[in-house]
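Trainee: I'd like to learn how to read the inside of a protein model. Can you walk me through one?

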Amino acid sequence: MPFPVRLPQPSTSAAAAAATVGAVLAAVALRRYLSTSRHRSPTPVTMSALRTSSSSASATAATTLVAYGRSPEDRELLASAAGSVALGDGESDGEFSVAVSYEGAGFDAAAYMDALTARRFGRWMLWSPRIGSTQDLIAQNFAKLPVGVVCVADVQFKGRGRSKNVWESPAGCLMFSFTSQMQDARKLPLMQYVVCLSMTEAIKELCRAKGLPELDVRIKWPNDLYLKGLKVGGILCTSSYEPKVYNICTGIGLNVDNEKPTTCLNAALQEANVISSRLKREDILAYFFNKFEKLFEIFSNQGFQALEEQYYNSWLHSGQRVVVQDAHESQSVSSVVTIQGLTPAGYLYAVGEDGKSYELHPDGNSFDFFTGLVRRKMEA
């Protein structure tokens, strides 16, 4: 599968028989997890216990997870559930502590919760000053945490993207992963498009709410975010299958205050002579979940077709001409096609110079999805 969503191979009958789970409340899920897991008591921690002076210390310093919720009860329940999680490989032999408060935290959880109106997604949050990978934590502990939980990190040293690329994410970047569920396997490859659209719309809405110039963040297919021709973010969706449902883990990295290695949102605002106001990670995260919850409901009930027009207004590719490869008698022949949109399966829909319709697939050999595209003729 050329998309970041990694699909297992369920039988057709299993996928067809699965029931809709979009309306399952996260609170119900949390009670189920709490009743079936053993938990450690939350352990308060101090700032001094987690400070590190070099990247080598990342493998030896204990990891701290701080639990937050919309209510004190939510916070205490999440802290209890988080006490049984397993960390990713190489993280201090799995040593960590869980707290319900953290002196000097770099993320203002109260401001985030105040801006959050979503009821299912983001109402539970695990924050860490430094962690290997938010995606690994969420994916490896899906059954122990409530659906809709988000893990946020100030710095992560084992972040990953397409093709298992690994990098150390810089401070100033909004890095988070969250959970969701879906029944229909055919929709899974399209989930990343809903996430991309949600983030672009959230940034625009936040700029309007703050009276700031609207940042024209665009989607580069299949799962990158661009601003003024430079990448500012990326999305990774992975999935696993259990009877009647797919568990989805979505990871997002967005440059907010870190100008390197490309640019960031607040640098763009400075270029627009906005000096006194800056976008904050807490507001962006809250606005994202507020928007995602609405679009995810539309997507679940009506399919991606109900969001296509919005999506095309936010992406970079309508009318774009690209060079693709054709397999012809064991040889590769290049040709030019014009991108029109997406196929129902989530690939690129294009029209060739011969007027025929084609579905474009990446060849899997390039990090740039527009290098080595392979066209496949669509049935008339």
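Predicted model: local features only at pLDDT ≥ 70, side-chain atom pairs only at ≥ 80, totals over all residues.

Trainee: Which residues have the most contacts inside the largest nonpolar core?

Mentor: A nonpolar core is a set of buried Ala, Val, Leu, Ile, Met, Phe, Trp, Tyr and Cys residues joined through side-chain atoms within 4.5 Å. Buried means under 20% relative accessible area, exposed over 50%, partly exposed in between (1.4 Å probe, protein chains only). Here the largest core has 78 residues, and Met 125, Phe 176 and Phe 289 have the most contacts inside it. Helix α6 (residues 191-209) gives the most to this core, 11 residues; helices are DSSP runs of H or I, at least four residues, and strands are runs of E, at least two, numbered from the N terminus. There's also a second, separate core of 21 residues, with Leu 78 and Val 149 among them.

Trainee: How many aromatic pairs does the structure hold?

Mentor: Rings of Phe, Tyr and Trp (its six-membered ring) pair if their centres lie within 6.5 Å; planes under 30 degrees apart are stacked, over 60 edge-to-face and the rest tilted. This structure holds 23 such pairs. Take Phe 121 and Phe 296: edge-to-face, 5.5 Å centre to centre, with 80° between the planes. They sit 175 residues apart, Phe 121 in the loop between α4 (109-115) and β3 (124-131) and Phe 296 in helix α8 (residues 281-302). Both Phe 121 and Phe 296 are buried. Ring pairs also join them with Phe 176, Phe 178, Phe 288, Phe 289 and Phe 292 in a cluster.

Trainee: What about α6: how far does the helix reach from its first C-alpha to its last?

Mentor: The expected span is 1.5 Å times one less than the number of residues. With 19 residues, α6 reaches 27 Å, close to the 27 Å expected. Of those 19 residues, 16 are buried, so α6 is largely enclosed by the rest of the structure. Just after α6, Gly 211 takes a positive phi of about 70°.

Definitions and conventions: Residues numbered from 1 in each chain as written. Heavy atoms only, no water.
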